[in-house]
Amino acid sequence: MQDPWPSSTSPIQRLVEAFHRLPGIGPKSAQRLAYYILRAPEEEARALAEALLEVKERVVLCSRCQDITEQDPCRICLDTSRDRTSICVVEEPLDLRAIERTRGYHGLFHVLHGVISPADGVGPEDLKIAELLARLRDVDHDATEVIVATNPNLEGEATAMYLGRLLTPLGIRVTRLARGLPAGADLEYADDVTLGRALEFRQVVE
Amino acid sequence: MHLSGLSLTNVRSFRRLDLELRPGMHVIAGPNGSGKSNLLEAIALLATTRSVRAAADADLISWDALRDEPLPVGRLSAQVASREGPVTVEVVIAARAGLEGQPAAATRRFRVNGVARRASDLIGRLRVVLFSADDLGIIDGAPAARRRYLDVTISQLDPTYVRALQRYQRVLQQRNSLLRRLQERRGAPNELDFWDQELAESGATVLTARAATLAALATGASARYVDLAPAGEELAICYRPALPPPLTDLVSEPAAALAPRFLETLNELRRRDIQAGATRIGPHRDDVTFLLGGHPAGVSASRGQQRSAALALRLAEVALSTQRTGDAPVLLLDDVLSELDAARRARVLATAYEVDQVFITTPDPDRPSVDELPSARRYQLVSGAVRPIEDAAG
Ligand SMILES: [Zn+2]
């Protein structure tokens, strides 16, 4: 593998820059983290490095639902007790976990890994939509309903409408979470009761 | 309504300022560059959440704090007494110290009564009308200055306008990005459907609110212009929405009537929008024309006429704000009196007596004179501190 960093930069500088690339980490925090690692016992640094590598080596995307998993297909996709007529489409793996926590949904999932947002350069072709179509035609052809559980904001609504247009002609009922969720709120942070109710009172996408 | 307290920390020239305030007139004297305008700008920012001068947010933070502190924070807060009861509004601007050669980036947070809120929840809790020398830009500046004037004015009167405007701006940004993708032959034109629908709906709300408010302001301003310039021509103010002719008439109808026609027109113009890679109609391209005796005031009127027109517009804004809410806004007069003759100054001061609280800045402590404003409390602004001038305060 090619070293992305020129050899002239010092190891500590490389670490600061690596932390700075992480979401939510500013230059100050990146420095603080790097100096923490520098002072920490070697085992701690080694454990962190191994955890980082392991997550890249062992965690893959499920070939059906695109959720992150250590086994492919994932546990949910293989679970024969789940309702295979329903697929709940979410933006990110964390949203899937939020819905699982409600214990109110027993169907399958599909993770888009994003949402339509032209300003961020994300169009439908950049999401896992082709993968959704493929499974609806093949392994999950029993599915009759797709519940679009994207966040209640402009981009989430745009994605829901796009999926409605795409899937309704295939004879699939496309529904959207009820508007009980506070507008602009992230699914990930919604409480279980609110999210459960939004799922229960879902509406057909026009 | 009036401010009962104001505190500023690390805002422009103020490291720390705490003022207890009462209703009535406040004259703040200080030499040029002492920060008088910054004080009024800070009050206006607490009302509108926007900086008057459209500068970067980080520029609002005191220069000393930007230089000395790793995470400089500017904090503005005001206690407001209004008909709806007391409320505390707070704006916090946090910057990352600029890396060498880079401007500092800033984030803004808002609180109402100590609870974190969105900007749209804060706007309107405090209403102000700011008169400043920059008002001439409304008459002779670029169309963007007039749209900004309308947006700031209507936002304070109508909280739903702020939300519609924010949604419109976000949809517009998404739609323009998509148009540029389509121009490069990426994606399919029917991906525009969702954004067109949203643009038409939020756009119609913005357009109809602008038309209605401007019509009311125009009537008020024309009447006041006659007072300010008795021998002058008639002042007419017209809204010029950037829509094709059959749609322009619909802006005075309810938004629900305009939205479907706006959407149809977007569909008709879709191919041209894709070619241009930009949305070519809608409120982001609106303008307002000021006519004096039928001629555009921005080009053909004298400086004095333009000043009177801007003044008439602001005075109309005070009346409209009072009429719509039943509670007079706080008046901020940023060194505008010195440029006016005695008759016009009297007109402005007459309006000042009709509201609960007025802040007047002046470079000359003797103007406006004690004779002109006998009841005013007088202050001197020296090196970031506001001190009462005892003998004049009475
Ligand atoms: Zn799976």
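**Strand pairing, chain architecture and the A–B contact**

Strands S4 (residues 73-82) and S5 (residues 85-95) of chain B run antiparallel and are joined by 10 bridges. Within this pair, Ser77(B) stands opposite Glu90(B) of S5(B). The model is predicted.

S4(B) and S5(B) belong to an open sheet of 6 strands. The strand order in chain B is S2-S1-S4-S5-S6-S7, and the pairing is antiparallel. The edges are held by strand S2 (14-20) and strand S7 (115-117) of chain B. Each of these has a single partner strand, so one side of each lacks a neighbour in the sheet. From one strand to the next, the twist averages 20°. Strands of a sheet pair through backbone hydrogen bonds, in either a parallel or an antiparallel manner.

A further antiparallel pairing in chain B involves strand S9 (residues 235-240). Its partner is strand S10 (residues 287-292) of chain B, and 6 bridges join the two. Leu235(B) stands opposite Leu292(B) in S10(B). Leu235(B) also lies on the covered face of S9(B), together with Ile237(B) and Tyr239(B). The uncovered face carries Ala236(B), Cys238(B) and Arg240(B). In a regular strand, side chains alternate between the two faces of the sheet.

Chain A contains 8 helices and 7 strands. Its C-alpha trace spans about 60 × 35 × 30 Å along the principal axes. Of the 206 residues in chain A, 31% are buried. Among contacts in chain A with a separation of 6 or more, 55% link residues 24 or more positions apart.

The domain assignment divides chain A into domain 1 (11-58) and domain 2 (68-204). The centres of domain 1 and domain 2 of chain A, taken over C-alpha atoms, are separated by 33 Å.

Chains A and B touch each other. Chain A contributes 10 residues to the contact, and chain B contributes 14 residues. On the side of chain A that touches chain B, helix H7 (residues 154-167) of chain A gives the most, with 3 residues. By residue class, this side of chain A comprises 6 nonpolar, 3 polar and 1 charged.

Key
Residues are numbered from 1 along each chain as its sequence is written. Chains are lettered from A and ligands numbered from 1 in the order in which they are written. This is a predicted model: local features need pLDDT of at least 70, side-chain atom pairs count only at pLDDT 80 or more; totals for chains, interfaces and linings use all residues. A residue is buried if 20 or more other C-beta atoms lie within 10 Å of its own, exposed if 12 or fewer, and partly exposed in between; C-beta atoms are placed from the backbone. Helices (H or I, at least four residues) and strands (E, at least two) are DSSP runs, numbered from the N terminus. Two strands pair if DSSP finds at least two bridges between them. Axes are lines fitted to C-alpha atoms, for helices over the stretch in contact, and angles run from 0 to 180 degrees between N-to-C directions. Domain bounds come from an automatic or database domain assignment. Two residues are in contact if their C-beta atoms, placed from the backbone, lie within 7 Å. Ala, Val, Leu, Ile, Met, Phe, Trp, Tyr, Cys and Pro count as nonpolar, Asp, Glu, Lys and Arg as charged, and the others, Gly among them, as polar.
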